[in-house]
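Hi,

Here is the structure I said I would pass on. Have a look at it first, and then read on for what turned up.

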Amino acid sequence: KTENALIDRLTKETDESAKMLIMASLLDFDNEKALAAVQSCQNDKNPKVQQAAKALVERFNQLKAQKKGAV
């Protein structure tokens, strides 16, 4: 429920700071649906949101690779 609510909010949110917080929160779900929602923000009209989305996706992938290496 929470994940879907955040994804819905992300698509409707106009405030860049709120979008960035929502994106960071979504990646805590650690699944493809959340990742896809954040990746879609790489095409946002706001360059700051685009940049934040790219950085968050990169960080997500780094953490995932670290977890994989630790197993």
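Before anything else, a cut-off you will need: a residue is called buried when its relative accessible area is under 20%, exposed when that area is over 50%, and partly exposed in between. By that rule E13 is buried, because its relative accessible area is 12%. Bear in mind as you read that this is a predicted model.

The side chains of R9 and E13 form a salt bridge, with 2.7 Å from N to O.

Now the helices. In general, two packed helices are described by the angle between their axes and the distance between the axes.

Take α1 and α2 to begin with. Helix α1 covers residues 2–12, and its axis comes within 10 Å of that of α2, with a crossing angle of roughly 150°. Angles over 145 degrees count as roughly antiparallel, so α1 and α2 are roughly antiparallel to each other. The crossing of α1 past α2 is left-handed. On the α1 side, the residues that meet α2 are E3, L6, I7, R9 and L10, and on the α2 side they are K19, I22, M23, S25 and L26. Sorted by class, this contact has six nonpolar residues, one polar and three charged. Note that R9 is in this contact as well as in the salt bridge with E13.

Next, α2 and α4. Helix α2 spans residues 16–27 and helix α4 spans residues 47–70; their axes also come within 10 Å, and they cross at roughly 15°. Since angles under 35 degrees count as roughly parallel, α2 is roughly parallel to α4. The crossing here is right-handed. From α2, the residues E16, K19, M20, M23, A24 and L27 take part, and they meet K48, V49, A52, A53, L56, V57 and F60 of α4. This contact is made up of 10 nonpolar and three charged residues, with no polar ones.

- K19 sits in helix α2 and is on the α2 side of the contact with α1 and of the contact with α4. Is K19 buried or exposed? At 10% relative accessibility, K19 counts as buried.
- With a relative accessibility of 11%, L27 counts as buried. Not counting residues up to four places away in sequence, L27 touches A34, L35, V38, L56, V57 and F60. If you want a distance to check in the viewer, the C-alpha atoms of L27 and N4 are separated by 13 Å, and these two residues are 23 apart along the chain.

Last, the spot around D30. Which residues does D30 touch, leaving out those up to four places away in sequence? They are F60, K64 and K67. D30 is in the loop between α2 and α3, and at a relative accessible area of 33% D30 is partly exposed.

The side chains of K64 and D30 meet in a salt bridge, 3.3 Å from N to O. Because K64 lies in helix α4 and D30 in the loop between α2 and α3, this pair ties together parts that are 34 residues apart in sequence. From C-alpha to C-alpha, D30 and K64 are 8.7 Å apart in space. K64 counts as partly exposed, at 38% relative accessibility.

K67 makes a salt bridge with D30 too, at 3.5 Å from N to O. That pair also links distant parts of the chain, with K67 in helix α4 and D30 in the loop, 37 residues apart. Through their shared partners, the salt bridges join D30, K64 and K67 into one network.

That's what I have for now. Enjoy looking around!

Methods:
Residues are numbered from 1 along each chain as its sequence is written. This is a predicted model: local features need pLDDT of at least 70, side-chain atom pairs count only at pLDDT 80 or more; totals for chains, interfaces and linings use all residues. Side-chain values use heavy atoms; hydrogens and water are left out. Axes are lines fitted to C-alpha atoms, for helices over the stretch in contact, and angles run from 0 to 180 degrees between N-to-C directions. Helices (H or I, at least four residues) and strands (E, at least two) are DSSP runs, numbered from the N terminus. Angles under 35 degrees count as roughly parallel, over 145 as roughly antiparallel, 65 to 115 as roughly perpendicular and the rest as oblique. A crossing is left-handed if the near helix is turned anticlockwise from the far one by less than a right angle, and right-handed if clockwise. Contact means heavy atoms within 4.5 Å. Ala, Val, Leu, Ile, Met, Phe, Trp, Tyr, Cys and Pro count as nonpolar, Asp, Glu, Lys and Arg as charged, and the others, Gly among them, as polar. A salt bridge is a side-chain nitrogen of Lys or Arg within 4 Å of a carboxyl oxygen of Asp or Glu. Buried means under 20% relative accessible area, exposed over 50%, partly exposed in between (1.4 Å probe, protein chains only).
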